[in-house]
Amino acid sequence: MAELPTMIRDLALMLMVAGVVTLVFKKLKQPLVLGYIVAGFLVSPHMPYTTSVVDMSNIHLWADIGVMFLLFSLGLDFSFKKILKMGASPIISVVCIIFAMSILGVIVGHSFGWSKMNCIFLGGMLAMSSTTIIYKAFDDLGLRQQQFAGLVMSVLILEDILAIVMMVMLSAIASGSNPNGGQMLGAVIKIGFFLILWLIVGIFAIPLFLRRVRKLINSEVLLIVSLGLCCAMAVISTEVGFSSAFGAFIMGSILAETIEAERIEKLVEPVKNLFGAVFFVSVGMLVDPKIIVDYALPIFTLVMTIIIGQAIFGSFSFLLGGESLKSAMRCGFSMAQIGEFSFIIASLGLSLGVIGNFLYPVVVAVSVITTFLTPYMIRLATPAYNALEKRLPTRIIKSLNHLSTSHPNTTEQSQWKRLLTQMTINTLVYSILSSAVIAVMFTFLLPFTRKLLPGWELHWYANAITGIITVLCISPFLRAMVMKKNRSEEFKTLWQESNRNRLPLLFTILVRVGIAVTFIFYICNYLSRFTPAIMITVGLLVIILIVSSKGIKRRSILLERLFINNLHSRDIEAQVQGKKKPLYEGKLLDRDIHIADFDVPYNSKWMGHTLRQLNLGRKYGVHISSILRGGFRLNIPDGNSIIYPYDRLQAIGSDDQLTTFRNAIETEILGEDTELEKREMKLRQLIICSNSPLIGKTLEESNIRRHYNCMVVGLEEGKENLSSISTARKFQEGDILWVVGEQDDLDILSRFCKS
């Protein structure tokens with residue numbers, strides 16, 4: 001008999017222990033993430049009294065997959081459109097948090113006499129909160145629908161992006177050179193380039209692909225396709241220097257804009273839960289009691305630095321970002337931990353040989369302790385605010401809350417500012433697309449054409465063919481770059497408003513023409529040996545041809561419309577099927593009340609009841625704005641609307657009201673049927689006896705359903721199928737009936753019949 005692989009043994013041990021421990025934590029009403037960490041410690045090699053996992057390398061591999069799928073699910077639930085809607089608030093908050101926590105890390109490391117490089121890397125580790133851990137904690141505590149949770153997730157995503165820039169900076173410092181502006185700018189440009197490219201290409205191509213194959217896709221195929229896209233983007237992200245988890249989040253954000261997003265989210269959830277559990281168990285395995293004992297004081301100090309630092313500086317950063325004091329404290333307290341990116345920064349320091357070997361296990365211990373404390377810190381935020389509110393003067397509370405109104409998300413912009421912003425964004429986007437097309441053409445098409453036309457004397461043919469195809473491919477982008485917004489309302493108004501505006505407006509056109517010519521110049525320069533003057537002339541002529549071509553204009557408009565339709569495909573589908581969300585949803589985001597979605601459990605006591613009977617407004621203070629059922633949305637339901645299992649209710653209320661509503665919808669469920677197996681329905685053949693009280697009675701007169709709680713299926717008359725019983729037919733001795741009912745009820749009925 002073949003021996004069971006070590007990998008399977010380890011997985012079985014992890015899941016069995018995790019299952020038992022999480023049941024205990026569920027019974028104690030504690031977050032499941034804490035149960036996973038405890039389970040990981042119990043099965044780790046550091047715990048000598050229990051069976052341990054043998055091969056840690058496989059566990060780390062599964063943990064990496066778990067992080068990837070968790071971030072993929074986060075992207076499905078929280079796309080970049082939500083971050084953009086929040087304006088500058090997350091950017092202000094994340095910059096302040098990273099700066100403050102980095103300084104604190106350097107100060108703490110210096111106080112223990114650690115080397116300069118240890119202190120710098122420690123500052124980077126303390127600046128990175130864990131997206132995965134907070135996302136799971138919000139999920140366990142039922143806070144994902146609350147308003148502050150959305151802002152926290154926005155800041156965490158931006159932190160993950162800025163972590164890449166920080167790693168470039170730390171690598172430069174470790175190499176002995178100060179990170180100059182060129183390195184930093186290069187890292188930022190690289191991130192921006194690939195981020196915009198992936199989002200644009202993904203939103204353009206993936207919804208189009210899903211739309212074409214929609215008739216062929218069932219739930220199984222959609223799950224495989226979604227996970228395949230997730231893994232593919234994770235590989236691409238790794239190849240260009242980013243993390244696999246970041247790539248998975250990008251793919252989730254792209255799929256979040258498709259019609260299938262909600263369906264994909266439900267399909268991926270079991271996979272996410274499985275690998276997510278493995279990840280959190282693996283975090284618990286990293287706990288080394290020996291390290292905790294040897295470095296107890298530094299670990300305790302770092303834990304307190306993170307908790308107090310995030311509680312104070314994190315809350316203040318969110319205040320500067322425009323949040324009220326209560327919301328800012330809930331956000332700041334939620335981020336009081338470090339996680340996966342801190343491990344990556346520590347690994348970078350070890351690989352470069354610039355930090356001590358002790359620092360990585362110390363950071364791991366700090367991460368585990370702060371992860372364990374995260375749910376309690378989240379819960380502590382509101383009591384801390386209430387205590388602070390009682391002790392601080394009212395004028396100070398009002399002054400702090402006044403900061404939330406000093407950074408409004410939407411302001412009246414001048415027409416010049418609005419026009420220049422739109423032109424800049426368009427030029428940037430189309431420049432990135434043009435650059436990507438040129439890179440692909442020169443990397444793949446040029447070698448192919450040169451192989452197709454061998455011989456050095458014929459290379460100019462290959463170069464010319466590649467150049468022409470490349471220009472044709474980027475021509476819609478160049479035309480849009482030059483012409484878009486030239487006929488917008490802002491442009492026309494400014495042109496007609498004053499003659500002084502006309503020269504600057506013409507200058508904006510010339511700048512964009514210059515950028516477009518630069519792309520043509522680069523293509524010609526790369527593929528030919530013309531003089532710069534000739535190439536610039538050629539570039540201008542080509543741009544003129546592109547701008548004046550009706551075919552290119554039509555193709556440019558078609559591509560842009562297709563992209564916009566894909567970007568708003570969920571909203572468009574909602575309008576078509578009556579699923580459009582209320583128009584006031586976005587306008588409530590900055591207030592105390594907001595909108596959140598809740599799923600009705602399959603065993604809810606509410607099913608079958610109308611909204612009038614449930615009286616949710618009076619009980620919980622919420623209003624149901626819509627009901628999503630299958631592929632249909634019922635907007636503004638009236639009191640006669642009935643609730644069914646698996647309905648998704650869109651409720652409007654404050655954080656406290658929505659929390660109470662969520663608790664009610666999860667707790668008001670039907671109890672388990674303890675006699676479920678005994679009450680199983682049976683099908684039995686019965687023959688009417690001579691002493692049966694059924695003789696001479698019709699089916700209606702016999703009251704079999706009411707007296708015996710059974711149902712007559714049909715009459716057996718020797719035919720292939722059972723005969724239906726006429727309402728006028730009276731039962732006779734010897735009639736063969738097929739009856740369905742519970743076992744006990746059938747036994748009572750069979751006293752008057754033969755089985």
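**Polar side chains within helices**

Visitor: With the side chain of which residue does the side chain of Thr 449 make a polar contact?

Guide: In this predicted model, Thr 449 belongs to helix H19, residues 415-452 (helices are DSSP runs of H or I with at least four residues, strands are runs of E with at least two, and both are numbered from the N terminus). Leaving aside neighbours within four places in sequence, Thr 449 is in contact (heavy atoms within 4.5 Å) with Ala 462, Ile 465 and Thr 466. A polar contact is a pair of N or O atoms within 3.5 Å; within protein, one must be able to donate a hydrogen and the other to accept it, and residues adjacent in sequence count only if both atoms are side-chain atoms. At 3.2 Å, the partner of the Thr 449 side chain is Thr 466.

Visitor: Is Thr 449 buried or exposed?

Guide: Buried means under 20% relative accessible area and exposed over 50%, with partly exposed in between (1.4 Å probe, protein chains only). Because its relative accessibility is 6%, Thr 449 counts as buried.

Visitor: Which backbone oxygen does the side chain of Thr 371 reach?

Guide: Thr 371 is found in helix H17, residues 359-391, and counts as buried because its relative accessibility is 1%. Outside the four places on either side in sequence, its contacts are Leu 34, Ile 37, Ile 133, Gln 337 and Ile 338. At 2.6 Å, its side chain reaches the backbone oxygen of Ser 367.

Visitor: What percentage of the residues of the chain count as buried?

Guide: Residues are numbered from 1 along each chain as its sequence is written, and side-chain values use heavy atoms, with hydrogens and water left out. As the model is predicted, local features need pLDDT of at least 70 and side-chain atom pairs count only at pLDDT 80 or more, while totals for chains, interfaces and linings use all residues. The chain has 31 helices and eight strands. Of its 755 residues, the share that counts as buried is 46%.

Visitor: How far apart in space are Cys 119 and Leu 359, C-alpha to C-alpha?

Guide: Cys 119 is found in helix H6, residues 116-126, and counts as buried because its relative accessibility is 4%. Beyond four places in sequence, Cys 119 touches Gly 105, Val 106, Gly 109, His 110 and Trp 114. Cys 119 and Leu 359 are 240 residues apart in sequence, yet their C-alpha separation in space is 10.0 Å.

**A kinked helix**

Visitor: On which residue is the kink in H14 centred?

Guide: Helix H14 covers residues 296-320, and its 25 residues should span 36 Å at 1.5 Å a residue, which agrees with the 35 Å between its end C-alpha atoms (the expected span is 1.5 Å times one less than the number of residues). The bend at a residue is the angle between axes fitted to the seven residues ending there and the seven starting there. The kink is about 35° and is centred on Gln 310.

**Salt bridges**

Visitor: How many residues apart in sequence are the parts that Arg 648 and Asp 599 tie together?

Guide: The structure holds six salt bridges (a side-chain nitrogen of Lys or Arg within 4 Å of a carboxyl oxygen of Asp or Glu), one of which joins the side chains of Arg 648 and Asp 599 at 2.8 Å, N to O. Arg 648 lies in strand E4 (residues 648-653) and Asp 599 in strand E1 (residues 594-599), so the parts tied together are separated in sequence by 49 residues.

Visitor: What is the relative accessible area of Asp 747?

Guide: The side chains of Asp 747 and Arg 684 meet in a salt bridge at 3.3 Å, N to O. Arg 684 counts as buried at 18% relative accessibility. Asp 747 is partly exposed, with a relative accessible area of 33%.
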